[in-house]
Amino acid sequence: MTTIRLSIPAAAGLAGLALPLLFIAMWSSGYVVGKLAVPYAAPFTLLSLRFGLGALVLLLVALAARAPWPANRRQFGHLVMVGLLIQALQFAGLYTALKLGVSAGESALIVGTMPVCTALGAALLLGERPGARQWLGMAGGLLGVLLVVWHKLEAAGGAGPIAYGAAVVALAGITLGTLYQKKFCAGMDLRTGGFIQLAVATLVALPLSLGLEGFAVRWTPTMLFATGWLAVVNSIGATSLLFVLMRKGEASKVASLFYLIPGATALMAFAVLGETLDPLALAGFLVTAGAVWLCTRSR
């Protein structure tokens, strides 16, 4: 019998690759599962269910494990701010933009500039200095995202400035939230910290759902599955992985993983929803993969 043994560096490399790949898969799945749920719930109602169920699960886990809570009001306030930015502001802006007529391709392209915005912010606020190779990778990542969503841009409907402003708000939420979390919440407990963030996001989404949509839901097996998936896999799992990756690396390098999300989403939508996958999108996925490799290489 032949025994295959991995050297320590090789094993460490595989372990280091597993978390980013899992994060990309989990985060990307939210767009596909969300599309499955949209026929059965209005946008802010879906967000209320996603955030509320996620908060409840994390609260039960935190209480059962006797996880530590923030030591003071300052720590609590930092967690509230991250919840407002990454969860509430990002998704409220994104869903508002889509509702007002911004196409999925346009939204993906606007939010797809997040790695560049994060790199600029990290240079100004965190003292990170991306090298020339990383800037080149970021430019390549933008090109790859453009190729992935190009066919969707062709079907863009002329949304107004308020709609595009909402998409920019979503971009600001994920960018500022990522930087804020890196600076102020790197040592938070993922259970209690995640609960606080999702509870805050629920308090933002629920009034919008009640006031604008009447909390309209049609409960079907698909809706039940989507609600559970979005709450547990996306709001808890993917966001927690993002925070873990932020602890391990520079904000600009971790943010570059977002270049792969439009391509991964396109592949999942092809497999699950039967959406078309043209050669240009596949080329864009390869370009973004190479760009992320450039961005995340050690200097």
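Student: Where is Phe215 placed?
Tutor: This is a predicted model, in which local features need pLDDT of at least 70 and side-chain atom pairs count only at pLDDT 80 or more, while totals for chains, interfaces and linings use all residues. Residues are numbered from 1 along each chain as its sequence is written, and side-chain values use heavy atoms, with hydrogens and water left out. Helices are DSSP runs of H or I with at least four residues, strands are runs of E with at least two, and both are numbered from the N terminus. Phe215 is in the loop between H8 and helix H9 (221-248).

Student: What is the phi of Phe215 near?
Tutor: Phe215 is a residue other than glycine, yet its phi is positive. Phe215 is also partly exposed, at a relative accessible area of 30%; buried means under 20%, exposed over 50%, and partly exposed in between, with a 1.4 Å probe and protein chains only. The phi of Phe215 is near 50°.

Student: Which residues does Ser209 contact, leaving aside neighbours within four places in sequence?
Tutor: Ser209 lies in helix H8 (residues 190-213) and is buried, with a relative accessible area of 0%. A contact means heavy atoms within 4.5 Å. With neighbours within four places left aside, Ser209 contacts Phe44, Thr45, Ser48, Gly214 and Phe215.

Student: Is Arg66 buried or exposed?
Tutor: Arg66 is placed in the loop between helix H2 (43-65) and H3. Its phi is near 50°, a positive value in a residue other than glycine. Because its relative accessibility is 77%, Arg66 counts as exposed.

Student: How far apart are the C-alpha atoms of Ser29 and Ala266?
Tutor: Ser29 is in helix H1 (residues 8-37) and is buried at 6% relative accessibility. Beyond its neighbours within four places in sequence, Ser29 is in contact with Trp229, Val233, Asn234 and Met268. Ser29 and Ala266 are 237 residues apart along the chain, and their C-alpha atoms are separated by 9.9 Å.

Student: Which residue forms a salt bridge with Asp189?
Tutor: Side chains of opposite charge can pair when their charged atoms come close. A salt bridge is a side-chain nitrogen of Lys or Arg within 4 Å of a carboxyl oxygen of Asp or Glu, and by this rule the count comes to 1. Asp189 counts as buried at 17% relative accessibility. Its closest N and O atoms in the pair are 2.7 Å apart, and the partner is Arg191.

Student: Why do the buried residues of H12 lie on the same side?
Tutor: In H12 the buried residues are Ala281, Gly284, Thr288, Ala291, Val292, Leu294 and Cys295. They are on the same side of H12 because the arc they cover around the axis, taken from the directions from the helix axis to the C-beta atoms, is only 155°.

Student: What share of the residues of the chain count as buried?
Tutor: The secondary structure comes to 12 helices and 0 strands. Among contacts in the chain with a separation of 6 or more, 90% are between residues 24 or more positions apart. Of the 299 residues, the share that counts as buried is 48%.
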